[in-house]
Amino acid sequence: MHAPRLHDIVAARQRVYRLVRPTPLLYHALLARETGLDILVKHENHNPTGAFKVRGGLNLIGSLLPEDRRGVITATTGNHGQSIALACQREGVPCVIVVPLGNNPEKNAAMRALGAELVEFGKDFDEAREKVEQMQHERGLRYVHSANEPLLIAGVGTYGLEIFEQCPDADVIIVPIGGGSGACGCALVRSGLGSPAKVIGVQAERADAFARSWRGPSRVVGDKADTFAEGMATRVTFDLTFEILKKELDDLVTLTEEEIAEGIRLALRATHNLAEGAGAASLITAMKLRAQLAGKKVVCVMSGGNIDAATLRRVISPAGN
């Protein structure tokens, strides 16, 4: 595996833009007032599947070799799976998706509606991923890893291109990290363009294997990933994205569960957008870092809006505060 280069990300646009259009980069006056920052939001929650991941799926599935088009299999907590399911539906490729038990029911329903065969297995994403690695051989399917795929990273990197086209003088980009493909896309575009902008990643404290690995001398495996922000809920790091981000990422912030919940509330009241936990993480990180970000032009990536109704009720109700 090799990290995609800027020209790979530019080339991905041909496949991504068959369905996706550049998403808005918007100024929200209330958000600027609450944070005290020169701040913009990249609305990847406005994509067809409600998340940035759709870009990667369209690029990868649109590039499949003929022998791989008999079917693919992948593991997900939802946004990656919806991306692959949608792309497979458009390309006529059979799709099997493994999700953990108790996964976001609305994301599950969306994947089934897109024609995917859904298998529920394991306590979390990483156990679902291990099941996929077994099933791929049993069924003879092309395994699509959620992070170790250069074509996925190149596809999601197209939103990084859009950020720098829409805001070439960005000083800081804040982006959530689960598997790390979105942060990789931003960082690779930044470096490829020669921009001095800093890329800051965000993780949940309860799923911080990447953060501890990035900060420490060696990669670690977490015992659990019990954050409600499923877009950031992984216990492991992945070879390709970790290698890229170990070199390219400028800083990393971890958030408590209450901070993530406050991010969702902040997105609702200050941008009138519905954001899932990972999607709201960048906003609350900007608030948390507002002293050091003062005077800088900040871009927050709202990576997705696929929060389920039960979680949303808990977050916005008085009992959830």
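Predicted model: local features only at pLDDT ≥ 70, side-chain atom pairs only at ≥ 80, totals over all residues.
Ground rules: I number residues from 1 along each chain as its sequence is written, and side-chain values use heavy atoms, without hydrogens or water. Local features need pLDDT of at least 70 and side-chain atom pairs 80 or more, while totals for chains, interfaces and linings use all residues.

Entry, helix pair α9 and α11. I took helices as DSSP runs of H or I, at least four residues, and strands as E runs of at least two, numbered from the N terminus. The axes of α9 (residues 181-193) and α11 (residues 239-248) come within 10 Å and cross at roughly 45°. Axes are lines fitted to C-alpha atoms over the stretch in contact, with angles from 0 to 180 degrees between N-to-C directions. I looked up the contact (heavy atoms within 4.5 Å): S181, A183, C184, A187, L188, R190 and S191 of α9 meet T241, I244, L245 and E248 of α11.

Entry, salt bridges. I found 26 in the structure, each a side-chain nitrogen of Lys or Arg within 4 Å of a carboxyl oxygen of Asp or Glu. K42 pairs with E162, closest N and O atoms 2.7 Å apart. K42 sits in strand β2 (residues 38-43) and E162 in helix α8 (residues 158-166), 120 residues apart. Both K42 and E162 are buried (under 20% relative accessible area; exposed is over 50%, partly exposed in between; 1.4 Å probe, protein chains only).

Entry, R265. R265 bridges to E258 at 2.5 Å, N to O. Shared partners join E34, E258, E262, R265 and R269 into one network. R265 is buried at 11%, whereas E258 is partly exposed at 40%.
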